[in-house]
Amino acid sequence: MASVLISDVRKAFGATNVIHGIDVTIADGEFVVLVGPSGCGKSTLLRMIAGLENITGGEISIGDRVVNNVPPKERDIAMVFQNYALYPHMTVAANMGFSLMLRGAPKSEIDAGVRRAAEILGLIPYLDRYPRQLSGGQRQRVAMGRAIVRNPQVFLFDEPLSNLDAKLRVAMRTEIKELHQRLKTTTVYVTHDQIEAMTMADKIVVMHDGLVEQIGAPLDLYDYPRNLFVAGFIGSPAMNFLSGTVRANGGAAFEGPLGVRLPLADAPSTWDGRPVTYGVRPEHLVLADDGAEAEVHVVEPTGSELQVVAKMGGEDVIAVFRERHQFRPGDKIRLKPDPRLVHLFDAASGQRMN
């Protein structure tokens, strides 16, 4: 196992800069998820760690060694791809043991390594089958098994679950997390799915337009987003945002569109009249007689909870309830956030204020 140090790493394709100086420290044995929307640079960064993309500037170290000019096969990493990348003419056992065979390892060592990985992943009954005879989830296990057999210092996962159906994705992310807890191998995992990031990571790196927006533990990012982008990206359903101004005299409050007034826990007098974006998560809105009026537009029961899309001050907001309210479109309800859980962002910069 080894740490990974990414220092001021940059990447350009011709005249187009796609990674703009990224610094990330990944501790030995840590499970780190790179997350962000399509095109943010997360897969490019992973491929630079793997050596599949050249680095335009900066340094990447694995353990004590700078690997900028080290070929991929000499970096002691194992990568699991989105499309599995299995050899169709080889059995499961041959696919899993292929890297050891290329190293010239004795057959007894290859067989022992393949069997150990197959036992960990529940693949013993499938060792003599070919990839075409397996389901998507089984193929992904084989790809993971091939990585385990190599016993690398670092695992790299590039959106490995995106080709699977929703139910299987949930099961497989649990398997990958359990695998990490068992092997303790440093892991870098790329996904655009923030639920995957929240449930799997020790540490999340949120990326946007080739930059790191915030790094932290999942709940730290959820509870204390640094800016509007992180606040809107982390959390499902997404955080509600309303534009307005702070009223700091005569009791702290937020004054939003069409006279909507919402509570603030505190606001210095210097903030009075300051343009802000008021953020509140859907699960932090409750029904209250002294809440702001909202008109129900869409009711979405999911079984475990009720999601309500409503208009507040002419803006869409989403509220999530655990109770089974009998709302109908057009109903007037009053919603109030817990002021301790409200997020304020500067209107100009988008940076967190409270």
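Biologist: How much space lies in the largest pocket?
Modeller: This is a predicted model, where local features need pLDDT of at least 70, side-chain atom pairs count only at pLDDT 80 or more, and totals for chains, interfaces and linings use all residues. Residues are numbered from 1 along each chain as its sequence is written, and side-chain values use heavy atoms, leaving out hydrogens and water. A pocket here is an open set of points on a 1 Å grid where a 1.4 Å probe fits, with protein on both sides within 12 Å along at least five of seven lines. Filling the points of the largest one with probe spheres gives about 410 Å³.

Biologist: Which residues are closest to its centre?
Modeller: Lining residues have an atom within 4 Å of a point, and there are 17 of them. The closest to the centre are A78, M79, F81, R146 and R150.

Biologist: Which elements each supply at least two residues of that lining?
Modeller: Helices (H or I, at least four residues) and strands (E, at least two) are DSSP runs, numbered from the N terminus. By that naming, the elements are β6, α2 and α4.

Biologist: Which residue just after α4 takes a positive phi?
Modeller: Look just past the end of α4, where phi is about 50 degrees. That residue is N151.
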